[in-house]
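Have a look at the chains below.

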Amino acid sequence: MILFLLLISRHGKIRLCKFFTPFTTKERNKIMKDCSGLVIGRSSRLTNFLEYSDFKLVFKRYASLYFVTGVTKDENELNILEIMHHFVELLDRYFGNVCELDIIFNFHAAYFLLDEIIIGGQVQETSKKAILKKISQQDLLLDEQFFKDDDKKK
Amino acid sequence: MSINFQNSKRGELNELRMELLSVKIPKKKEALKKIIASMTLGKDVSPLFTDVLKCMDTPNIELKKLVYLYIINYAKSQPDLAILAVNTFRKDARERSNPLMRGLAVRTMGCIGVESIIDYICEPLKDALNDEDPYVRKTAAISIIKVYDISAERCEELEFVDSLVDLLSDGNAMVVSNAVASLMEITNRRGKFFEMDGGSLHKLLTALSECTEWGRIYILDFLATHLPEDTREIESAIQRVVPHLSHSNAAVVLSASKVLIRYMDYIEDEDKIKSICRKLAPPLVSLMSSNPEIQYIAIKNVNLIIQKRPDIFRKGDEIKVFYCNFNDPLYVKLEKLEIMIRLVDLKTVDQFLREVKEYAQELDVPFVRKAVSAIGRCAIKLDKAADRCVQALIELVRTKVEYLVQESVIVIKDVLRRYPNRYESIIKDFCDNLKALNFADERAAMIWIVGEYADKISNCVLLIESFAENFKEEATIVQHAILTAAVKIFLKLEDEAEDMIADILKLATEEAENPDLRNRGYVYWRMLVNNPDMAREFVLEEKPIISTQSENIDPTLLDSLIAYLGTLFSISLKAPSKTVISKEGAKERFDL
Amino acid sequence: MSLGCSCIYFLDYRGKVLLFRDYRGDISSSEINKFQRRLLELEDSLSKPVFKLKDITHCWVGKNNLYIVALCKGQPNVMMVFYFLHKLIKVFEDYFTEFNEESLKDNFVITYELLDEMMDHGYPQLTETTVLKEFIKSEAFRTAGKEEKLTDIMVSSAVSNIVSWRPEGIKHKKNEIFLDAVEELNMLCSSTGNVLSSEILGSVQCNSMLSGMPDLKLGLNDKQAFEIKGKTSRGKLIELEDIKFHQCVRLAQFDRDRTISFIPPDGKFELMTYRLNTRVKPLIWVECTIESHTKSKIEYMVKAKAQFKSRSIANNVEIYVPVPCDVDSPNFKTNTGTVEYLPEEDCMHWSIKQFAGRKEYLMRASFGFPSVEQTDREKFKNAIRVKYEIPYFTVSGIQVRYLKIVDKSGYKGLPWVRYITKNGQYQIRMS
Amino acid sequence: MSTMKLKEFIKAIRNCKQAKDERAVVSKESALIRNAFKEKNPKNRHRNIAKLLFVNLLGYPTQFGQVETIKCVASDDYTEKRIGYMALSQLMNESSELLMMVTQAIKNDLNSSKSNFIVALGLTSIAEISTEDMCRELYTEVKKLMRSTSSYIKKKAILAAVRIIKNIPDTIDDFMEVIDVLINEHSHSITLATMTLIQEIINIEPERVGTFRKYTKVLIKILKNLIHSGYAPEYDIQGIKDPFLQVRIIRVLGHLGEGNEDASDDMNDILTEIATSTEGSKGAANSILYECVRAIMLIEASSGLRALGINILGRFLVNKENNIRFIALTNLHKLVNIDYNAVQRHKTTVIGCLKDPDLVIKKEALDLIYQICKNTNVKGIVKELLNFLLTAEKEFKEDLANKICMAVEKYSPTKKWHVDTVIKVLTLAGSEVMDNFICSLITLIASTAELQNYSVNKTYFSMKENLEQSGLQQLGVWLIGEFGELLVSGQTMEMDDTPINVTEEEAVETIEKVMEHYKDKGDKGDVIIQYSLVALSKLTIRFESMKGKIQELIQNQVHNPNIEIQQRACEFMKLIDEDWDQHRLAIFEPMPFQGDENMLVDATERAVR
């Protein structure tokens with residue numbers, strides 16, 4: 001299973017973090033700090049996997065963001081790369097040509113999207129169409145005021 | 001980057017080129033500013049070199065300076081291009097009406113780092129050395145190092161080094177001081193070649209009080225490495241240097257102190273020495289109210305100075321100056337603590353302890369640890385105050401804060417070594433906090449204490465057995481500590497500890513892989529079998545008492561460091577010769 | 001031994017190079033990347049200002065979101081390097097009024113010119129703004145003025161003179177000089193009111209607007225000066241512990257008979273600094289008691305007392321008292337001044353515009369806590385900081401007895417003198 | 001009260017140039033939010049929580065928002081609820097007491113009839129943050145929802161169940177019957193979730209795999225249908241049909257076939273088909289091939305199928321993408337014990353991987369090479385590895401040096417070769433080699449009489465030229481101490497048969513130099529000084545003439561602040577005293593070594609004698 005997913009900027013800022021299983025705050029902070037250190041600046045030609053503590057890190061850089069997952073040792077690393085790509089494509093479709101700024105200012109939307117793709121560290125839906133449909137239905141339910149205030153990019 | 005720029009923005013370069021060709025000077029200026037802006041961003045604008053050169057021949061000084069800036073940038077990396085400008089430089093260097101221009105030309109030419117430049121530069125440089133304007137001469141003086149760096153041989157051949165010596169007699173102090181800087185740098189390359197006589201000393205001392213603050217540093221540093229031979233000259237030099245302790249520039253103060261401390265070695269009159277020492281203290285203390293960076297350098301240097309001349313801070317209350325402020329950066333705090341330990345004496349120890357205990361409550365763990373160990377080091381240093389220090393340590397241990405306990409154990413071990421059998425009563429407090437000892441060093445220290453004070457610790461056998469539970473997994477240092485402690489306990493308690501010693505010796509000889517540990521095990525075993533009384537004499541013998549002397553720098557090293565106060569040597573505490581030799585050896589990165 | 005440095009870099013807060021000047025060309029341009037990496041690895045407070053990587057020494061200073069880094073080879077005089085870096089900042093401040101990323105970018109041409117003139121081959125040269133301004137004009141001045149001819153700009157006569165800080169031919173309509181004697185009181189007190197350490201850092205700031213090449217003599221109530229000259233004084237004499245002078249002051253003469261004589265630079269400069277170690281009691285004493293401290297509430301009683309003569313008044317008194325990091329619902333009661341909660345500094349800030357001597361004021365504060373406790377709530381007992389200014393008053397009692405101004409043109413210059421005392425590092429530990 | 005909107009707040013933070021500015025903005029806003037919470041004003045509550053989420057992302061404390069988060073979850077307003085749920089997993093870890101408070105609210109939401117989305121929020125939070133107690137409270141609801149008519153709810157309920165069984169394994173029985181129904185549903189997401197649940201049950205209670213074996217045929221059919229189905233854009237990735245689902249089913253099949261011939265036979269065809277016909281060089285295809293290989297290695301595969309699997313790995317090994325090569329290396333590693341010969345065939349390629357600039361690949365390749373090592377090929381392999389040791393960068397050097405030592409220790413055909421090789425490693429990377437290899441080398445030499453002369457001479461000359469290699473010095477110093485007389489015997493010949501002459505003086509000087517070099521060099525240096533002291537004291541009985549010099553060297557250490565060094569120095573200073581001449585001989589005799597049957601008896605006897 002996937003234990004956590006982090007989006008880290010080139011400068012080491014955490015843009016999104018989701019822990020699918022409980023970690024203490026101390027553990028979380030250590031993971032975030034270590035991951036930034038391990039991943040940033042790694043040449044894209046090198047392997048996208050690293051051993052870390054008693055799990056594996058699978059990561060990939062998309063534009064200015066590093067997508068980093070920690071997965072259990074029994075996971076299929078290549079499949080995890082595909083899952084991350086799945087997420088990236090969905091972000092892209094939802095925001096329309098997504099960039100780091102979209103995720104910074106609409107981090108909540110990115111979390112909502114993630115909730116429809118992965119639950120508890122397991123893939124729950126592989127159809128992009130189905131996911132986007134459910135998301136737009138939920139967006140309709142949201143308080144208009146909330147989004148008007150915060151002016152979601154469409 | 002550069003390829004990218006040329007390909008996609010060829011148009012931009014062309015545009016700039018057109019602007020450079022314009023007859024209107026403001027337009028040219030604008031173009032050059034843009035070029036320099038690109039240069040600043042790291043873009044390659046060298047394709048414009050020839051076009052820029054064409055603008056060089058202009059009566060407009062601002063434009064000219066812009067061209068110079070451009071050339072300076074490429075002078076080092078692309079000397080072949082830069083040499084194209086050489087004719088204009090030569091012309092500018094002969095520009096009679098404006099010394100600024102001449103200076104600029106000589107200065108910039110020296111930056112072109114190819115040997116062939118020397119052929120072009122030697123004549124204008126010679127002229128410049130004799131120029132009527134001091135601005136040109138002071139620039140030429142520095143330019144000689146540049147030529148020396150390009151080719152030392154040619155520089156000697158052309159007698160530039162000798163001209164430097166002549167410049168020491170120049171009427172302008174700034175010229176003299178720059179010549180001194182050059183001389184010193186060349187000395188650094190080829191060894192000392194200039195002997196100072198009374199005449200040159202006098203000239204330097206005259207220049208010293210007339211030149212800029214920076215020039216004073218050059219002259220003072222020069223004096224620190226070139227000692228006059230005659231004691232009378234030394235005394236007169238001292239007299240002229242002392243006033244510089246009042247200079248507002250911290251580097252002048254430090255360099256002046258350096259000269260004084262070195263020269264003092266050659267004075268025999270104790271009163272004179274005392275009077276100089278008295279003058280040294282206040283300016284050094286004042287450095288503590290500067291920027292943190294300057295404070296840091298100053299503290300490091302003060303630490304050396306007071307090792308050399310402990311009587312400088314005689315008043316006794318100087319220690320207060322080094323108390324840590326809440327907002328001092330960590331690197332300053334740590335160094336201040338070092339000085340505090342050096343300065344603390346029986347008069348100030350109470351304040352010191354109050355102060356350091358305060359630090360031990362702070363949040364910054366490295367600082368707190370250092371504060372704890374400072375208390376211990378103070379105990380070791382001051383026999384009569386040891387009681388108070390130990391009491392302070394006990395208070396800290398009783399807080400049960402993990403890192404306080406850990407650091408205390410390590411330092412109390414040394415206190416016990418310094419004062420055998422004086423503080424056994426405190427051991428109980430440490431025995432109550434064994435759980436906090438997470439690291440090998442602390443455990444080894446604790447085990448040593450148990451072994452050493454076995455007769456005072458009723459459950460010492462049990463303690464050693466529990467430490468030995470994971471014997472195989474323990475760090476080697478802990479294994480050794482257990483072995484030695486077990487032997488000591490056995491020698492003291494005999495029968496009571498028989499089972500334990502058998503177990504431990506078995507662990508150390510039969511089960512251990514480490515030959516060193518096994519060696520030790522066998523040596524003890526054979527001793528015990530052979531002649532237990534002999535073992536008792538060897539193992540339990542009182543060890544020479546450690547002292548704080550070991551914290552002092554070796555006197556010969558200290559003397560060589562004193563000659564380099566203010567420089568990197570004084571920060572890294574590496575002996576000058578050693579650092580130079582171990583150029584290759586210093587591959588690994590080390591922090592200062 | 002080489003004293004100087006090889007190159008100087010200006011980096012933004014992320015470590016990106018804004019501009020640099022390579023003086024010696026003996027250090028590869030990739031070296032600065034190592035500095036950047038170290039910057040990212042360590043927080044400022046952890047990184048020492050000077051460190052060595054292989055054979056290259058890095059010296060750095062941080063200021064206004066910028067880093068100024070000097071790289072050196074061999075054995076630089078690091079004290080000189082740091083003093084130069086600070087001087088550099090000072091000159092840029094004089095030129096651009098502010099020293100920051102924008103001003104540097106806006107003035108990069110002048111910045112290069114200054115870097116070229118202030119240092120040659122790693123050796124500091126001319127660093128006095130007044131002198132530099134003679135031949136490096138600021139941008140604003142340039143555009144306003146007419147186009148310059150080669151002959152228009154000359155090296156400052158100061159370079160050729162023995163007086164390297166003052167050009168000839170300065171003219172002022174009114175010949176005046178202003179002296180400010182400013183004293184900062186550094187003080188560290190324990191919570192019980194014991195003064196742990198205290199010192200006075202004094203300085204005499206000048207603003208000279210005198211014509212020609214005036215020669216000045218300053219007379220202070222310096223005890224040693226009176227002793228040397230065998231005079232007696234009616235007023236109080238003080239013992240100045242360590243005096244440092246601007247380079248214009250004739251040090252040898254001072255050393256001989258404690259006469260402060262000098263030809264001043266034009267405009268503002270710091271003539272001298274001095275230090276006194278006399279024991280003084282805190283001018284503003286703050287006592288802070290935490291009256292109750294529970295899981296849901298904390299209450300403070302803060303008492304401030306002015307311990308100086310009643311005819312003096314302290315202006316802009318600001319008292320900062322630390323509070324736990326997660327308080328809410330601040331509530332303050334006081335009859336004097338205003339109080340606010342400064343969450344960004346985890347303290348409350350009590351400011352009193354005017355605080356007369358011998359007066360005492362009281363303030364009570366209470367805060368609530370959220371029900372879920374933040375882990376480091378209890379770690380708030382830092383020092384209380386106090387800021388203030390007291391005009392017409394110096395702690396040391398320093399006095400300017402006279403200022404003689406002699407110029408060969410014979411004009412009569414007017415000296416003006418002011419006194420002020422301020423806080424320096426002024427901290428009172430909290431119990 | 002703060003009036004800043006979320007977006008403005010984020011902007012304000014982005015405008016900060018320095019950490020301290022950012023801290024200031026965050027603390028001010030946090031203080032305002034604390035106040036707003038205190039005032040119990042629900043207006044803007046969700047906005048404040050959203051801001052706290054951002055603050056949390058930046059790494060600042062947000063504990064004070066926990067109570068309010070719970071209120072949000074319990075709110076009737078959907079927006080508040082959704083933000084509240086989002087905050088739940090971000091802000092509330094560790095506070096299980098507070099989580100208990102939220103259980104009732106989740107229960108209500110699971111039973112909500114208002115909207116499926118509300119039910120979904122509850123289910124998601126169970127899957128991610130639930131504690132054991134929460135699971136007990138809520139599992140009946142989850143079980144019910146697993147039979148929901150909405151597949152949207154159903155799939156989430158199944159995944160929530162995955163979490164529940166992890167927290168309370170004894171609920172597995174309750175879920176088994178549901179799986180019987182779920183397995184026959186024809187929906188990608190339901191099948192996917194069901195596979196995940198089965199997988200998790202097998203992980204927790206491996207013995208249950210037998211019960212699931214009855215699904216083998218159904219699963220094969222589902223997989224077959226999936227592969228053979230027509231083009232479905234919804235599920236197509238790079239021309240592959242739902243790779244996520246394929247991977248999941250194959251993984252479960254692998255478990256079902258493990259140790260069971262029948263089930264393995266059943267899946268032989270489908271796995272063969274996937275292994276041969278999955279096309280495409282992209283990630284999706286490779287991820288399926290990889291999963292397929294894993295399954296093949298797990299089940300009782302036919303020889304043909306196994307060959308196919310090994311073939312795929314062989315192809316992976318020469319792939320230009322590092323990720324794929326990495327996969328090949330890790331899996332060949334697992335294969336070594338199953339099919340050594342198949343792996344051994346790739347030896348040259350694997351050694352070639354040591355040239356890769358990628359440290360991860362290098363380390364993996366090194367591990368694999370070590371696995372391939374046997375008594376028969378160790379010499380050849382180590383020879384190649386030593387070449388790499390010359391050029392290896394620091395990070396890799398340590399691994400490489402120690403792996404070589406491990407291989408030598410385990411497979412060395414002769415003792416002499418063992419000694420030669422480890423000394424070579426110590427010469428090239430002596431400061432990287434772990435202590436235990438040096439220790440075992442010493443043991444080997446000490447217990448092999450015929451090698452002692454050779455080893456002490458060889459080491460003596462290398463150590464003089466490699467002062468920096470601490471490990472080599474450690475070895476050398478020990479050998480000189482123990483076998484010093486062999487070094488100065490003059491009986492050892494060089495290659496050209498000239499005798500080697502080392503004097504006692506030279507030998508002691510060598511130790512002196514080592515001690516000088518390693519003084520004040522920290523812990524590692526102290527260890528070498530400790531070794532040196534022991535060596536010197538042993539030499540007092542071997543080099544009588546050097547006693548004075550040795551005494552001087554030991555005397556230098558009696559003030560050493562290191563306790564162990566001081567202890568040794570003091571003991572040895574006493575021992576050197578003439579009074580103890582007779583005893584010294586017995587005490588410093590060569591140490592007996594393991595393998596010496598009577599080593600203890602021996603030691604005591606000799607000591608007594």
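Of the 431 residues in chain C, 59% are buried. Buried means under 20% relative accessible area, exposed means over 50%, and partly exposed lies in between (1.4 Å probe, protein chains only). This is a predicted model, in which local features need pLDDT of at least 70, side-chain atom pairs count only at pLDDT 80 or more, and totals for chains, interfaces and linings use all residues. Residues are numbered from 1 along each chain as its sequence is written, chains are lettered from A and ligands numbered from 1 in the order in which they are written, and side-chain values use heavy atoms, with hydrogens and water left out.

Chain C has nine helices and 23 strands. Helices (H or I, at least four residues) and strands (E, at least two) are DSSP runs, numbered from the N terminus. The C-alpha trace of chain C spans about 75 × 65 × 45 Å along its principal axes.

**Charged patches**

Chain C carries a patch of positive charge on its surface. Its members are C:Lys236, C:Lys281, C:Lys305, C:Lys309, C:Arg311 and C:Arg358. Take C:Lys309, which sits in the loop between β15 (297–306) and β16 (313–322) of chain C. With a relative accessible area of 53%, C:Lys309 is exposed.

How is a patch defined? Patches are made of residues with over 30% relative accessible area and no salt bridge; like charges are joined within 9 Å, and nonpolar side chains (Val, Leu, Ile, Met, Phe, Trp, Tyr) within 5 Å. Accessible areas come from the Shrake-Rupley method with a 1.4 Å probe, and for residues only the protein chains shown count as cover. Lys and Arg count as positive, Asp and Glu as negative, while His and the chain ends are not counted. A charge is placed at NZ of Lys, CZ of Arg, CG of Asp or CD of Glu.

Chain B has a negative surface patch. B:Glu465, B:Glu469, B:Asp495, B:Glu496, B:Glu498, B:Asp499 and B:Asp503 form this patch. Which helix gives the largest share of the negative patch? Helix α29 (residues 498–511) of chain B does, with three residues. B:Glu469 lies elsewhere, in the loop between α27 (460–467) and α28 (476–493) of chain B. B:Glu469 is exposed, at a relative accessible area of 64%.

**Salt bridges**

Over all chains, the structure has 110 salt bridges. A salt bridge is a side-chain nitrogen of Lys or Arg within 4 Å of a carboxyl oxygen of Asp or Glu. Here are three of them.

| Pair | N to O distance |
|---|---|
| B:Arg443 and B:Glu474 | 3.0 Å |
| D:Glu137 and D:Lys107 | 3.8 Å |
| D:Arg251 and D:Glu291 | 3.0 Å |

Start with the salt bridge between B:Arg443 and B:Glu474. B:Arg443 is in helix α26 (residues 440–452) of chain B and B:Glu474 is in the loop between α27 and α28, so the pair ties together parts 31 residues apart in sequence. Both B:Arg443 and B:Glu474 are buried.

Next comes the salt bridge of D:Glu137 with D:Lys107. This pair links distant parts of the chain: D:Glu137 is in helix α8 (residues 132–145) of chain D and D:Lys107 is in helix α6 (residues 96–110), 30 residues apart. D:Glu137 counts as partly exposed, at 36% relative accessibility.

B:Cys324 is in no disulfide, and its nearest cysteine sulfur, that of B:Cys378, is 15 Å away. B:Cys324 is buried, with 3% relative accessibility. For D:Cys16, the closest cysteine sulfur is in C:Cys347, 18 Å away and too far for a bond. D:Cys16 is buried too, with a relative accessible area of 15%.

Methods:
A disulfide is a pair of cysteine sulfur atoms within 2.5 Å.
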